[in-house]
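Here are some notes to read alongside the model, written for someone meeting it for the first time. Please keep the structure open as you go through the points.

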Amino acid sequence: MTTLATRPNVVGALRERVLKFAERVTTPLVPNDYLDVIDPLRSGADLRGRIVAIHPETRDAATVVIRPGRGWRPHVPGQYVRIGVDVDGVRQWRAYSLTSKIQRRDGCIAVTVKAIPDGVVSNHLVRRATVGTVLQLDQAAGEFTLGNQVPATILFLTAGSGITPVMGMLRNMASLGAAADIVVVHSAPSADDVIFGWELRMLAREGRIRLVEKHTDTDGMLDVARLADVVPDFAGRETWACGPAGLLDAIEQRWDAEGISDQLHIERFRPAVITAGEGGTVTFTKSGGVVEADGSQTLLDTGESAGVLMPSGCRMGVCFGCVVPLRQGAVRDLRNGEVTTANPGDNVQIQTCVSAAAGACELDL
């Protein structure tokens, strides 16, 4: 007689026997393969998400709303998520800032993507992706956040898509219990190019932020040296900056000069080029590709341009999703100028997203 205590064990054993039988009759596929098709967001599967909506923001930017699988863990405002997208039969991974509230009623998350010239994934998501598409997901990551204690005075300095992690913070200020004095200085080519322009202006009208828009087509680039003209008390504010490398470099230099670097938090979507390598011949030993690369192009971009299937992740030196063996040769880290060399058998690992050729080199790809 089966008791209540033993029934779960019996059911579990029967289920395991049924699955083993199913595996034999469905080889080379296994039941999990079919379950992935039927319910790709189920518990226990690789973390995935399904696009449920796509909202245009500007002529070249869109917010992609994603329903994540059951394994998704809540993110911290300002963090990013790595997304795996199948484009023309090739799985591509990119990192995008989360712009949604952390406790949406529908359980969805959102990323806002700006299509960049020749951007394979960004153009696909903005112009070609459709509702219902299933994406691969990683858990949220990143340190570009407000921290445990929200400062009383905040300055956000952004340009272009650099506004995306900041909007993730602004939308969650209420849930963080914050009532800070916030100034947002944002640069974009024109008023129509300001991502979240309507929402930012509404926040300004409501008195929740002070917004300074810099329309570079007519006003020119933001002069960081004259920042005090628009934010007189910037030196006393905790500052978060995100945008093009040139702007961030200028901000870092100004904060260093003022002796307030400890108040600056920076998010770079691409690594800053500090010292370019000399360039050289890059050989991909497994695929047989040979490419001439200059000293400012990352090995990741070099390989992708040559049609080599390159592992990648955040593309900014954080997640180590692009690490590959350097079989021999020399590469230069574009962040700090350090040169790494390898001889056959050294088993040196490098990050292709922040490294460039510094002479001839061979990658085990």
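1. Let's begin with E304, which is partly exposed because its relative accessible area is 24%. (Buried means under 20% relative accessible area, exposed over 50%, and partly exposed in between, with a 1.4 Å probe and protein chains only.) Its partner is R315: the two side chains meet in a salt bridge of 2.9 Å, N to O. This pair links distant parts of the chain, 11 residues apart, with E304 in helix α8 and R315 in the loop between α8 (299–305) and β14 (323–333). R315 has a relative accessible area of 6%, so R315 is buried.

2. A word on the basis of these notes: this is a predicted model, in which local features need pLDDT of at least 70 and side-chain atom pairs count only at pLDDT 80 or more, while totals for chains, interfaces and linings use all residues. Residues are numbered from 1 along each chain as its sequence is written, and side-chain values use heavy atoms, with hydrogens and water left out. Helices (H or I, at least four residues) and strands (E, at least two) are DSSP runs numbered from the N terminus.

3. How many salt bridges does the structure hold? There are 19 salt bridges, each being a side-chain nitrogen of Lys or Arg within 4 Å of a carboxyl oxygen of Asp or Glu. One of them joins D333 to R335, with the closest N and O atoms 2.8 Å apart. D333 is buried because its relative accessible area is 14%, and R335 counts as partly exposed at 30%. Salt bridges that share partners also join R94, D301, E304 and R315 into one network.

4. Now look for the aromatic pairs, of which the structure holds two. (Rings of Phe, Tyr and Trp, the last by its six-membered ring, pair if their centres lie within 6.5 Å; planes under 30 degrees apart count as stacked, over 60 as edge-to-face and the rest as tilted.) F156 and W240 form a tilted pair, 6.1 Å centre to centre with 55° between the planes. F156 lies in strand β7 (residues 153–159) and W240 in strand β10 (residues 238–242), so the pair ties together parts 84 residues apart in sequence. Both F156 and W240 are buried.

5. The rings of F234 and W255 have centres 5.2 Å apart and planes at 55°, so this pair is tilted. F234 sits in the loop between α6 (216–219) and β10, and W255 in helix α7 (residues 245–258), 21 residues apart. Are these residues buried or exposed? F234 counts as buried at 4% relative accessibility, and W255 is buried with a relative accessible area of 0%.

6. Finally, visit the largest pocket, with a volume of about 1,100 Å³. (On a 1 Å grid over the protein atoms alone, a pocket is an open set of points where a 1.4 Å probe fits, with protein on both sides within 12 Å along at least five of seven lines; lining residues have an atom within 4 Å of a point. Points are joined across faces, edges and corners, and a volume is the space filled by probe spheres set on them.) The pocket is lined by 42 residues, and R315 is among those nearest its centre, with I116, S122, F269 and R270. The largest share of this lining, seven residues, comes from β4.
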